[in-house]
Amino acid sequence: MGVAVGDTIPLDTVAASARRKAFLHVVLPLFLVSVIAYLDRVNIAFAGLTMNKQLGFTSEIFGFGSGIFFIGYFVFEIPGAVIAERWSPRKWFARIMVTWGVAAALMAFVQTPIEFYVVRFLLGVAEASLYPVIYATVMPRWFSTRDRAAAIAVLLTSMQMSSIIGGPLAGWLLGMSVMGLSGWQVLFLLEAVPAVVLGIILAFWIVDWPKDASWLSQEEKAYLTRQFEQEVSIKRASKNHSAWSALGDPEVIRLVVIYFLWITGFWGFSYWMPTVLKALSGWSVSFIGNIVVVPFVISLLTTAYVGYSSSKRGEKRIHGAIPLFVAAIGIAVSTWTGGNPALALLLVIVTAAGVYGPFGVWWSYPTTFLSGEAAASGSALINSFGNLGGFVGPFLVGFIESRSGSFVGSYMFLAACLLASSLLMLTLRRTAPGAASIKPAEAAL
């Protein structure tokens, strides 16, 4: 990768130009990938408003089927992340998107609980390792430790963007019938197509390394290459992790526990939010599909601000803990609204802003002390075990509701998980090993 930086262009100018181009040619395509990924994840939350009744699915069946997606994710997360690191992130992304598009389309044809469980599991298998490869393999090659939180925060506003697009679309589609297909079936088929199309395009759009980017100047290639190499060498000097040793690192294990608790609350809230909001407000399916745009727009702005603020101040723990604490309060109070729809919506807004807010900060943390295959396997471990909470949260909400006839108990459980995650976030190191030694402005000298 040895590319020399020329002497004629000021380093700050090269750095700013390289960063701007990386946002356009790396963050933008991955943003689109993530929008589609979350469309194919959360469409089940809206489809359930009519699918469950038509297919006779109970709350327990729906909760189990929603959550089993993450079991498939868990099984194939670490192998997929290591394969992408050794092979090619670009080609791995293309494989992921085409296979998950096919699995997403199959959701339109499920009729029994077993079929529902199998297809949801396969969707998780297809998508496994997508985000660890983005966070741990791709982002460090293009962004410095300091810039990474802001870049990831911008990328992860895609989660809310998918709901901003998907909510109104689902509300419109669920009320129609096309060629004998119900609205929820049309929803699954329509939202599967972009995954396959973008997967093919992606193989030609992004590149694996700065040295391969035709859209960078020689000086910019040199700057990004040396920036990455310096960061890797500093981390290795601090603690030389292998792919396997990273899995037993105490800080990685702590991140696993924090993320598990957070994601239990996150997906328990996200998958059930339209159903719970309908029960609390009495609003129609189409109105809910449109009104959920409000909490997701506000949470999008929150995610972007928290990531920007974290990058500006060089601080991660408090930027992660405060939003999760706010989310815990919001979800705990949300079932005690006294039948007031406006108050129910306000608390959904508060909860959404809190559970989404820290994502950019969170996924910039592991790569402050891990690199290469260690970063890929460590991030995959965090994401895979953490995402088991994506099974626990939705399943327990449905399980408790089916037996108690109320969402109060399950929502209090989700609130406790978010509160514990918030408090544990404060136990992370103020500065990760080696991170303080990395000086992005000098990376290409």
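A nonpolar core is a set of buried Ala, Val, Leu, Ile, Met, Phe, Trp, Tyr and Cys residues joined through side-chain atoms within 4.5 Å. This model is predicted.

**The core**

The largest nonpolar core holds 133 residues. Trp-100, Leu-130, Trp-142, Phe-359 and Trp-362 touch the most other members. Helix 1 (residues 11-55) supplies the largest share of this core, 20 residues.

Beyond its neighbours within four places in sequence, Leu-130 contacts Val-33, Ala-37, Tyr-73, Phe-93, Ile-96 and Trp-100.

**Helix 17 and its partners**

Helix 17 (residues 408-425) comes within 8 Å of helix 12 (residues 317-333), axis to axis. The crossing of helix 12 and helix 17 is left-handed. On the helix 12 side the contact includes Arg-317, Gly-320, Leu-324, Phe-325 and Ile-331. Helix 17 contributes residues including Met-412, Ala-415, Leu-419 and Ser-422.

The axes of helix 9 (residues 250-281) and helix 17 also come within 8 Å. Helix 9 passes helix 17 in a left-handed crossing.

| Helix 12 and helix 17 | roughly 165° | 14 nonpolar, 3 polar, 1 charged |

How do helix 12 and helix 17 run, roughly parallel or roughly antiparallel? Angles over 145 degrees count as roughly antiparallel. Helix 12 and helix 17 cross at roughly 165°. They are therefore roughly antiparallel to each other.

Technical notes:
Residues are numbered from 1 along each chain as its sequence is written. This is a predicted model: local features need pLDDT of at least 70, side-chain atom pairs count only at pLDDT 80 or more; totals for chains, interfaces and linings use all residues. Side-chain values use heavy atoms; hydrogens and water are left out. Axes are lines fitted to C-alpha atoms, for helices over the stretch in contact, and angles run from 0 to 180 degrees between N-to-C directions. Helices (H or I, at least four residues) and strands (E, at least two) are DSSP runs, numbered from the N terminus. Angles under 35 degrees count as roughly parallel, over 145 as roughly antiparallel, 65 to 115 as roughly perpendicular and the rest as oblique. A crossing is left-handed if the near helix is turned anticlockwise from the far one by less than a right angle, and right-handed if clockwise. Contact means heavy atoms within 4.5 Å. Ala, Val, Leu, Ile, Met, Phe, Trp, Tyr, Cys and Pro count as nonpolar, Asp, Glu, Lys and Arg as charged, and the others, Gly among them, as polar. Buried means under 20% relative accessible area, exposed over 50%, partly exposed in between (1.4 Å probe, protein chains only).
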